[in-house]
Amino acid sequence: MSKPSDLIQGTLDLLILQTISVEPKHGWAIAKRIEQVSEDVLQVTQGALYPALHRLEQQAWIRAEWRKTETGREAKFYELTKAGRAQLEKELAQWERLSRAVGLVIAQ
Amino acid sequence: MNLRRKWDIFGLRLRSLARRKRVEEDLEKELRFHLEKQLEENLAAGMPPAEAQRAALRRLGGMPQIQEECRDMRRTDTLENSWRDLRYALRMLRKAPGFTAVIVLTLALAIGANSAIFSVIDGVLLRPLPYPEAGRIVRVFFHSASYPRFPLNPFDFRDFRARNQSFESLAGFTRNDLQLSGTGQPERFTGFQVTAGFFHALGLHPARGHEFTANAEIPGNERQVILSDRLWRTRFAADPGIVGRKITLDSRPFTVAGVMPPGTEHPGNEYNGVAHGETVDVWWPFTFQGNPAHRGSHYLEAIGRLKKSVTPAGAQAEMNALIAQLAREYPDTLAGWQALVIPLYQEIVGPSQRLLLVLLGAVGLVLLIACANAANLLLARATARQREIAVRAALGAGRARLVRQMLTESLLISALGGACAIAIAVGGVRILVALLPAGFPRADTIHINAAVFAFTLAIALATGMVFGLAPALQAARTDMQDSLRAGGRGTGGNRAHLRLRSALVVGEVRLACLLLIGAGLMLRSFVNLLRADPGFRPEHLLTASVSLPDASYKTQETLSFWGRLTANLDSAAGIRAAGVGTDLPWTGYDDNIGGFTIEGKKPRANEEFHARYHVASPGYFRAVGIPLVQGRFFTDGDNMKAPLALIVNRSMARRYWPNEDALGKRLTFEDHPKEKDWMTIVGIVGDVKDKPDSPAAEMALWWPVGQTPVSVNNMAVAVRGSSDPARLVNDLRQAVRQLDPTLAVANIRPMDDIADANVSTPRFALFLVALFAGLALTLAAIGIYGVISYAVSQRAHEFGLRMALGAQPGDVRRLVLRQGVKLALAGVAIGLVGALALGRVLCSLLFEVSAADPVTFASVSALAMAVAALACYLPARRATLADPANSLRSE
C-alpha cells in the first residue's frame, strides 16, 4: 500500500480535484472512489486525505459545505470552485506533460 | 490570482483564526463521520463489532496527528508572520519609550486635529439636511444689478405659484414674531407667517393638527397658529388636546391649528434673518392684503420643492420666463428683475464651506508635516538599527520580509497615534463647537460618530504607510556586508540617506511656512478688524426689542408709547441716553427704499435714487453712539405738525451731493409732491457698515419716529449707561412694565455681545489656523533638530580633527549652524512662493490685508529662520564637545 504522495508530489491534489469534478463528495466517498477507479492500486489514507482537503480548501480551490447524506447523516461535502476547476485543468495538462516525458525516457 | 479567490482565501484565513473553536469542532465531526463509515464497512464485511471498531481506528491512524496536520494546513504563514512582526514591533517600541512617545504624540495631535475638523465637516457639509429628499428643496430670490438677492412681492409670488410647472410645492414665508402674554412673564416668540404648502415644501408634517390651507391666506383668517414642539411642551404642558384651543397672541385670540414634531428645522432666511435650525416657535398664515396691482414692496421669501425631474437651473429658466410674462402685465415693477434659484443646501452651508475647507487644508498640512517628521525619526532609527537589519538579512530575511517588518512598526505607531487621536478628537470637537462663530449653520449636528472613527482609522493607516515606506525601503537597501564589517560605524550610503532626510526637513519647513503665512495674514486681518472704527460705540450699551401688538396700538398709541418709554428711561438714574429705532448696527438689517426724488437732481442712467431706510427717535443716535457730522439730531419737535425732517449718513451725502452741502437739501417720495411732501435734511451722521468686514457703508436715511411713514410697532431699544449694561436690564424691564405689563422685552443683549458675534468667524479661523501653524512650526523644528543632530553625530570625528588642527569652538558651531540654516532657508524660500499662490484661496477671509502682505511674509521668514537656528543650536554645541584626542587616537 503506497501513499499517492509517495509517487509524485502533488498527485493527490490532482486525484482529489478530478474525483469531485463531477459532483460534490465527502471525504469517505472521495477515498472510496479513488480506490475503486484505480482498481485498488491507489489507497488513500485519512492521514493524507484530510490535510490535503484542508489545504485545497484554504487555497480556495475547493469549497466545503455541511449536507445530509442519503442516509440522513451530516457530512462535510467538498466541491470545486471556479478557481479550482481552472487549477484542475492546469494540473491535468502538467500531468500529461510529465507522464509523456517519463514515457519517453522509459521507452529509450 | 483573481480577486474573488483572494477574497475567499482572506475570508477562510480569518475564519480559521477567529473562529478556531468552531473550525476544530467541524474537523472532529468530519473525522468521526469517516470513522463511522469505516465501521459500517467493517461490519458489513462480517466482522464482530469490537473487532470492527478496532480495525477502523487502526485504519484511521492517530486522530490527533491528522487533526494537527489539518491545523497545519489551515495555519497560514502570512497571518502567523504578521503576528510575529507585530510582537517584535511592540518590543522595539518598548525599548525606546522616548522615541515612541514623541512620534506617537505628534501623530496623535496631527491625526486628532484632522478628525476634529473632519467631524465638523461631516456634520455641516456631508450630512444631508434634515428634510426628506432635501436635494429637491430650493430657495427662490429676485435678482438685479443693485440687489443680488431680493425677496419677492407677495402678488408676484402668488402668480408664480399659480403658473409654474417646476415646483411640487412653492411657498412663501416672512418673519413676524408673536408675543404671548397672560400666564407669567410676557414672552416674544420667533415667528413666521407662511403660505399654504410651506411645510409640504420642506417635506414636514405637523405631529398634531394640520398645515395651513389656501383658505388661511384670505385676509381675516390669519388668527391660526402652529406651535413648535418646544413651545407646546414648555408653555402648554404638552396638552394633547391643544389643537382647536384658542390662545392669546399679540392681544388677539388665535386658534391652534397644529403642533410640529421635534426636529422641525427652520431653513434659514435673510429678511430679519433667523439662523437655520430649531429656531422658530410659531408659524401663522400669510395673508395677501392690499391691491394686487401694487407690486413695489418685496418682503416675502420663497422656498420650493422641485418636481423630481426638474433641476434648479430649469426652474430658474421657467421663473425668468414667468417674470418676463408678468413684466408685460406690470411693466413698472417687474422690469429689470431676474429670478435666482439656489439649492437650499448651498444656501445653508455655502457661506461656511470655504472656511471649513481652508481649515481642512490647514490641518491636512499639519498631518503632512507630522508624516515627514515621523519618517525622519524612523530614518534616524533605521540608521541606528543598520547592524540589526544587516544581521537579519544575513540570517536569510528577504527584502520583502524586511520591508514588511519595518512597515509593521510604522503601522503600529500610526495605529497607536490614531487611538490617542480619537481621545484628542473627542475633546477637540467639544472645544471646536464651543468656539464656533455665532449662528454657524448646523452646529448641533457635529458629533464624533462612526464616519469620524472610520476617517481617523483610514488616515492613521494611510499615515503609517506614507511615513513608513521611505524608511522601510531604505532599510531594505542596507548593504549587508558594509554594515557588518564597519561594526556599526558604517558610512557607506549615508550621503543618500542624509539627502533624503534633508529633503524631508526642507518640505516640513516649507509647509510650516505656508501655515504661518496663512495665520499671519489672518492675524493682521483680525487686528485690522478690531482696530477699524465701528462708527458707533458698543460699550456700556444695552439693546433689546419691544413689539407693540397692532390690535391695541394704532399710530397715535404707538408714538405716544415710544415717546414715554424713552422719556422715562432718559430720566432714570444711571442712564445717559435712550432711544428706539427700527434696527441696530451689525444685526443684518438691510431694508432698502428706492425711487425717491431729490430736488434738482437726476439719477444716473439705469439707476434710481435709493438708500437703506430707518426710523429713529431723538435719543437713538446718542444712545447708539453714532456721531453727528453736521446739523442736528431729531428732536421731539419733529412731529406730525412740523415740516418733514430727515437725517442721512455721510455716504449718502457724499454720493448724492458731491462737492455740495447736503444739509438743508430736500427729497420726496411722492411723484407729484406738494410743498408739505418735501423732507429736509436736518442732520448728517457718521457711517456704520452693515458688518465690520463690509467693504463700505451703504447709503442710509432716517425718518424721525414722530413723522414715520412706515410701521414702528416693532422697535429696537438702545439704552446707554456709564458702566456694565447688564445693570440696566431691570430698569428697562421696569420701564416697559410700567407702561404696559403685557409687553415682552425680547432679545436683551449688550451691544458688546452683538459686536463680538460679528468678529467671531474671523476669530475662530484665526485661532485654529494659528494653532495649526504653531503645531507645524514645532514639528518642523523637531525635524531640523533631528537631522542636524544626526549629521553632527556622523561628523563628530571630523569636528574633533578640525579642533585638533586649531579650529575654535565658534568655527565648528558656525559650520553646523550653516548646515541647518541652509535647509531652513531653502524651505522658507519655497514656502513663500507657495504662499503667494495660497493667498488667492484666503482672499475672501481677509480684511484690508493683501494676500501678499510684505510685513507678514517678512516676519514669518524671520520667525522660521530664528526657530530653525534655535533647533540647530543644541546639536551645534554638542559638536564643539567632540574630543580632539579621541579623534586623533582613532585615526
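# A predicted model of chains A and B

Chain B is divided into domain 1 (3-75), domain 2 (151-336), domain 3 (351-531 + 760-890) and domain 4 (549-742), with bounds that come from an automatic or database domain assignment. This is a predicted model, in which local features need pLDDT of at least 70 and side-chain atom pairs count only at pLDDT 80 or more, while totals for chains, interfaces and linings use all residues. Residues are numbered from 1 along each chain as its sequence is written, and chains are lettered from A and ligands numbered from 1 in the order in which they are written.

Consider the overall form of chain B. The C-alpha centres of its domain 2 and domain 3 lie 55 Å apart. Along the principal axes, the C-alpha trace of chain B spans about 120 × 100 × 55 Å. Its radius of gyration, taken over C-alpha atoms, is 38 Å, whereas a compact globule of 891 residues would have one near 29 Å; the globule rule is 2.2 Å times the number of residues to the power 0.38.

Chain B has 26 helices and 24 strands. Both kinds of element are DSSP runs numbered from the N terminus: helices are H or I with at least four residues, and strands are E with at least two. Of the 891 residues in chain B, 42% are buried. A residue is buried if 20 or more other C-beta atoms lie within 10 Å of its own, exposed if 12 or fewer do, and partly exposed in between, with the C-beta atoms placed from the backbone. Two residues are in contact if their C-beta atoms, placed in that way, lie within 7 Å. Among contacts in chain B between residues at least 6 apart in sequence, 82% join residues at least 24 apart.

One helix of chain B shows how burial can be arranged around an axis. In helix H21 (residues 729-739) of chain B, the residues Leu732(B), Ala735(B) and Val736(B) are buried. They lie on the same side of H21(B) because they cover an arc of only 95° around the axis, the arc being that of the directions from the helix axis to the C-beta atoms. An α-helix has 3.6 residues a turn, so residues three or four places apart point the same way. On the face of H21(B) turned away from its buried side are the exposed residues Asn730(B) and Gln738(B).

Strand pairing in chain B can be followed at one strand, E10. Two strands pair if DSSP finds at least two bridges between them. Strand E5 (residues 191-194) and strand E10 (residues 282-285) of chain B pair in the parallel sense over four bridges. In this pairing, Gly191(B) stands opposite Val282(B) in E10(B). Strand E7 (residues 224-227) of chain B is joined to E10(B) by two bridges, and these strands run antiparallel. Here Leu227(B) stands opposite Val282(B).

Now turn to chain A. There are five helices and three strands in chain A, and from the N terminus on the elements run α-α-β-α-α-β-β-α. Its C-alpha atoms fill a box of roughly 55 × 30 × 20 Å, taken along the principal axes. Of its 108 residues, 31% count as buried. Among contacts in chain A between residues at least 6 apart in sequence, 47% join residues at least 24 apart.

The three strands of chain A form an open sheet in the order E1-E3-E2, with antiparallel pairing. Its edge strands are strand E1 (25-26) and strand E2 (62-68) of chain A, each of which pairs on one side only. E1(A) and E3(A) pair over two bridges in the antiparallel sense.

His26(A) lies in strand E1 of chain A and stands opposite Phe77(A) in E3(A). Is His26(A) buried or exposed? His26(A) counts as buried because it has 25 C-beta neighbours inside 10 Å. Leaving aside its neighbours within four places in sequence, His26(A) is in contact with Ala75(A), Lys76(A) and Phe77(A).

Finally, the two chains touch. The contact takes 16 residues from chain A and 21 residues from chain B. On the side of chain A that touches chain B, the elements giving two or more residues are helix H3 (27-37), helix H4 (46-58) and strand E3 (74-80) of chain A. H4(A) gives the most, with eight residues. By class, this side of chain A has six nonpolar, six polar and four charged residues. Ala, Val, Leu, Ile, Met, Phe, Trp, Tyr, Cys and Pro count as nonpolar, Asp, Glu, Lys and Arg as charged, and the others, Gly among them, as polar.
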